[in-house]
Amino acid sequence: MNHANAIRTVTAALLLAGAGLFANHAALAEDTVNATVVIKDHKFDPAEIRVPAGKTIRLTVRNDDATPEEFESHDLDLEKIVPGGASIILVFGPLKAGSYNFVGEFNEDSAKGLIVAE
Amino acid sequence: MLATALIVFRETIEAGLIVGIVLAATRGVAGRGRWVMTGIGAGIAGACVVAAFAGSIAGFMEGMGQELFNAMILLFAVILLGWHNVWMERHGREMATELRSVGQSVSAGARPLYVLAIVIGIAVLREGAEVVLLLYGIAAGGGTRAAGMLAGGGLGLAGGAALSTALYLGLLVIPMRHLFNATAALILLVASGLAAQAAKLLIQARILPPLGQPLWDSNWLLAENSIPGQILHALIGYVARPSGLQLVFYVGTLLTIGGLMYLNRRPVAVAPARAAAE
């Protein structure tokens, strides 16, 4: 076994061990609901996203503006740059029923939104 | 304008306070200015590159590239800061306190300044990339609003730089023989805070479980977004609503680096000699 192979084997073993440790965590992801929000003219559309409570949410944030934005939610502890003309994915939850604020940090005056879990 | 100033201020102090601590920690070391400037310069250049490729970075690893990239550079900085502290415990004290021969004083120059330069580079890169994106967005938007917002950015940058300078000058007031311990402790806390930031990103990327989220909420007592909250966030890693994993990373880093520092500690015969060695 040469050096590169050894590294590959060790890496694979570590990844498997990691996967095993967090199998429970990953299993949550199977019960996933997709949602999408679009940034246009520094506003979120829709400004209110309704999702079921108790499910993992896979939120796609698409930025139709040419300028970058930062999706930020203190309520959900999320923070992620959305480059101009690009999409990002955020996976979070399962959420308890309730409302969760989010903003576009770079344009906080106009870019406001709410995730409602029910 | 004020919103822009606050964002830039927040990012500037996160990098600037680290620069201030490093400058205080390397007081009296020859050539430190060059290394620090190299670190800042490389960090700014890196921030522009990261900002330009933000789209591609986000696309890696099933859309979790941004989190992974940031978590990796944060953990790299944690390792470098830890290594620096341990190295100083091992060699720095004897170097500073004994100075028995010319041979040893030469080894003072062997202090891994490049490690600190890399840490500064990483800090500036990480915080700078967001500022570059923000300012680019404003400039690209144009209009009369842009001028005010860019002025706000300048204001935030100046404020952050002033605060970082104040920290540096404050640290210089500490007598030389205590400065070693003070900066080592600050670097240890900064490293632990950076590890907790990495934990947050690894949770967001769904790589590690949050282990309780949040563990507590002290936002009513000290809002993380307030200026004092941001300063404490940059200095000691204050988080108003930490998850269990963040606490594990924070305490784990504190104990690991602190333990290694303790194990590598060399007894000091004449403590005040460090001041004399200046």
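Reader: Over how many bridges do β5(A) and strand β8 of chain A pair?
Author: This is a predicted model. In it, β5(A) and β8 (residues 98-104) of chain A run in the antiparallel sense. One facing pair is E72(A) and V103(A), the latter in β8(A). The number of bridges between β5(A) and β8(A) is 2.

Reader: Which strand of chain A pairs with β5(A) over 5 bridges?
Author: The pairing is antiparallel. S73(A) has L78(A) as its bridge partner there. The strand covers residues 78-82 of chain A. Its name is β6(A).

Reader: How many of the residues of strand β5 of chain A are buried?
Author: Strand β5(A) spans residues 69-73. It is mostly covered. The count of buried residues is 4 of 5.

Reader: Which residue takes a positive phi in the hairpin of β5(A) and β6(A)?
Author: Most residues other than glycine have a negative phi. This hairpin has 4 residues between the strands.

Reader: Is D77(A) buried or partly exposed?
Author: D77(A) sits in the loop between β5 and β6 of chain A. Being buried takes 20 or more other C-beta atoms within 10 Å. D77(A) has 19 of them within that distance, so it counts as partly exposed.

Reader: What pattern does chain A follow along the sequence?
Author: Chain A has 2 helices and 9 strands. Among its contacts between residues at least 6 apart in sequence, 59% join residues at least 24 apart. Read along the sequence, the pattern is α-α-β-β-β-β-β-β-β-β-β.

Reader: What share of the residues of chain A counts as buried?
Author: Chain A has 118 residues. The share of them that counts as buried is 29%.

Reader: Where in chain B is P214(B) found?
Author: The peptide bond from Q213(B) to P214(B) is cis. Its omega is near -10°. P214(B) is found in the loop between α8 and α9 (227-236) of chain B.

Reader: What is the phi of L211(B)?
Author: L211(B) also lies in the loop between α8 and α9 of chain B. It is partly exposed, with 14 other C-beta atoms within 10 Å. L211(B) is not a glycine, yet its phi is positive, at about 55°.

Reader: Which helix of chain B gives the most to the side that touches chain A?
Author: The contact takes 21 residues from chain B and 18 residues from chain A. On the chain B side, α1 (2-25), α3, α6 (113-141) and α8 (176-204) each supply at least two residues. The top contribution is 7 residues, and it comes from α6(B).

Reader: How many residues on the side of chain B that touches chain A are nonpolar?
Author: That side also holds 7 polar and 4 charged residues. The nonpolar count is 10.

Reader: What distance separates the C-alpha atoms of M72(B) and R27(B)?
Author: M72(B) is found in helix α4 (residues 65-97) of chain B. It counts as partly exposed because it has 13 C-beta neighbours inside 10 Å. M72(B) and R27(B) are 45 residues apart along the chain. Their C-alpha atoms are separated by 29 Å.

Methods
Residues numbered from 1 in each chain as written. Chains lettered and ligands numbered in written order. Predicted model: local features only at pLDDT ≥ 70, side-chain atom pairs only at ≥ 80, totals over all residues. Contact = placed C-beta atoms within 7 Å. Nonpolar A, V, L, I, M, F, W, Y, C, P; charged D, E, K, R; others polar. Buried ≥ 20, exposed ≤ 12 C-beta atoms within 10 Å, placed from the backbone. Pairing = 2+ DSSP bridges.
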